[in-house]
Amino acid sequence: MEEKQWCRFVVQSVSLMICAIVICFLYSGGFLKNMEQKAQADQVTSQVNSQDTYFKTAVKSELQSARIVTGGAISARSSKYISIPKSLVTTGATLYISDDYINSKVILSIRGNTKQKISLDRLVRVNGEKEFCGNPKKSRYDFVKKIEIKSSRTSKGKYGIDISMTTKKLYEPVLYETEKAYYISFADPLKLYDRIIVVDAGHGGYDEGATARNKNYKEKNYNLLIVEELKRMLDATDIKVYYTRLDDRYISKADRVRLANKLNADMFISIHCNWTDSSSANGVETLFSVRENNNDKMSNVRFAKIMLNDICDVTKQKKRKVIKREGLYLLHHSDVPAIIIETGYLSNRSDFSYLKKSSGQRQMARGIYKGIFEVYDVQKK
Ligand SMILES: [Zn+2]
């Protein structure tokens with residue numbers, strides 16, 4: 001063979017071999033199977049994407065049209081949220097959220113819905129790039145621990161639906177809407193607020209606390225009345241306050257202190273009235289534990305002293321003392337600066353007449369209010 005012919009023969013042979021190998025591979029199914037799987041996968045992905053795109057881009061693209069329904073500021077929205085398509089909610093239905101932060105539970109209530117049921121699968125939980133629906137998942141990205149939907153007939157053809165979501169951590173919920181859906185955003189309170197405190201009205205429910213000489217007067221009620229006065233004052237400030245209770249209900253001591261710890265609150269203030277067998281004992285006391293807290297600028301004893309001084313300065317009630325108490329559950333379990341304020345003795349005629357008057361309760365609240373701000377001020381120095 002000539003050199004030229006020899007070259008052509010070699011090229012043809014190699015080409016033939018390559019063709020044979022390729023054909024063998026295709027017929028063995030590997031390649032075709034892969035192609036098929038890829039095509040199927042593409043199809044699934046595009047199906048998922050069409051849904052994903054809606055939920056993921058909804059917030060961004062509809063940002064301008066988003067409207068707060070209830071629960072906070074539009075700026076408080078976070079990358080964690082749950083979406084409820086508007087197709088599930090009757091036009092004109094009322095929506096509101098209840099924030100049961102003691103139990104890290106947020107309840108969305110829909111009233112006047114003509115649809116009886118909302119399927120759990122239609123509610124999509126989004127955490128950044130991750131999405132979940134249906135029952136809570138074990139993934140650390142799924143921020144919901146438990147989700148329940150309850151429906152009840154409220155009138156002819158109308159239903160009330162409650163969607164309650166227990167979250168793994170404590171979040172600040174905001175309910176807002178866009179053209180296509182309602183959203184509940186779950187934001188970390190620590191990222192939203194510079195100053196957070198927990199105010200605790202002692203006792204509640206069947207735990208009535210101390211009673212005055214006349215058994216109709218119960219400590220739990222006075223604690224709450226003082227807290228209500230304090231709330232009116234604190235509502236006008238930029239301090240975010242979590243109240244352990246704002247009505248007459250029982251809350252365990254563990255739940256109260258857990259709230260303060262979960263929030264890493266700047267202060268935990270538990271408000272009480274005192275009682276003793278001796279009717280002559282009177283005055284204000286603050287109780288503290290020597291247990292170290294997580295704030296190196298505000299020891300519990302310092303906190304107790306500031307508060308006692310300010311309360312007595314404002315109220316002119318007798319400054320009794322700052323008392324070290326190690327056995328008390330709240331003080332013993334708090335990781336944050338914590339005190340118990342004994343605002344006066346219900347067993348004492350003079351203290352009792354002061355505490356049962358709304359002017360006395362208001363003054364007491366004003367003293368506590370002053371103490372709160374002084375605690376913040378001295379930490380700046
Ligand atoms: Zn008490």
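**Close-up views of the predicted model**

**View 1. Phe 373 is partly exposed, with a relative accessible area of 22%.** The structure shown here and in the other views is a predicted model. Tyr 369 is also partly exposed, and its relative accessible area is 25%. Both values fall in the partly exposed class because that class lies between under 20% (buried) and over 50% (exposed). Tyr 369 and Phe 373 are 4 residues apart in helix H9, so about one helical turn separates them. Helix H9 covers residues 358–380 and lies across strands E11, E13, E14 and E16. Its direction is at about 155° to that of E13.

**View 2. Six strands form an open sheet with mixed pairing, in the order E12-E11-E13-E16-E14-E15.** Strand E12 (240–243) and strand E15 (319–324) stand at the edges; each has a single partner strand, so one side of each has no neighbour in the sheet. On average, neighbouring strands of this sheet are turned by 20° against each other, direction ignored. Strand E11 (residues 196–201) and strand E13 (residues 267–274) run parallel and are joined by 5 bridges. Ala 201 has Ile 271 in E13 as its bridge partner. Helix H6 (residues 300–315) lies across E13, E14 (284–288), E15 and E16 (338–345), and runs at about 165° to E14.

**View 3. The zinc ion has protein donors from His 203, Glu 219 and His 272.** The angles among the 4 donor atoms are 50 to 140°, and the site is irregular. Along the chain, the donors follow the spacing H-x15-E-x52-H. Glu 219 lies in helix H4 (residues 219–234) and His 272 in strand E13, so the pair ties together parts that are 53 residues apart in sequence. Glu 219 and His 272 are both buried.

**View 4. Aromatic rings pair at 11 places in the whole structure.** Tyr 101 and Tyr 242 form an edge-to-face pair, with 4.8 Å centre to centre and 80° between the planes. This pair links distant parts of the chain, 141 residues apart: Tyr 101 is in the loop between strands E3 (94–100) and E4 (105–113), and Tyr 242 is in strand E12. Both tyrosines, Tyr 101 and Tyr 242, are buried. The rings of Tyr 369 and Phe 373 have centres 4.9 Å apart and planes at 50°, so that pair is tilted. Elsewhere, ring pairs link Tyr 81, Tyr 176 and Tyr 183 into a cluster.

Technical notes: Residues numbered from 1 in each chain as written. Predicted model: local features only at pLDDT ≥ 70, side-chain atom pairs only at ≥ 80, totals over all residues. Heavy atoms only, no water. Pairing = 2+ DSSP bridges. Helix = DSSP H or I, 4+ residues; strand = E, 2+ residues; numbered from the N terminus. Axes fitted to C-alpha atoms, helices over the stretch in contact; angles between N-to-C directions. Contact = heavy atoms within 4.5 Å. Donors = N, O, S within 2.8 Å, 3.2 Å for Na, K, Ca; no water. Tetrahedral: all angles 85-135°; square planar, octahedral: opposite > 155°, others 65-115°. Buried < 20%, exposed > 50% of the residue type's maximum accessible area, 1.4 Å probe, protein only. Phe/Tyr/Trp six-rings, centres within 6.5 Å; stacked < 30°, edge-to-face > 60°.
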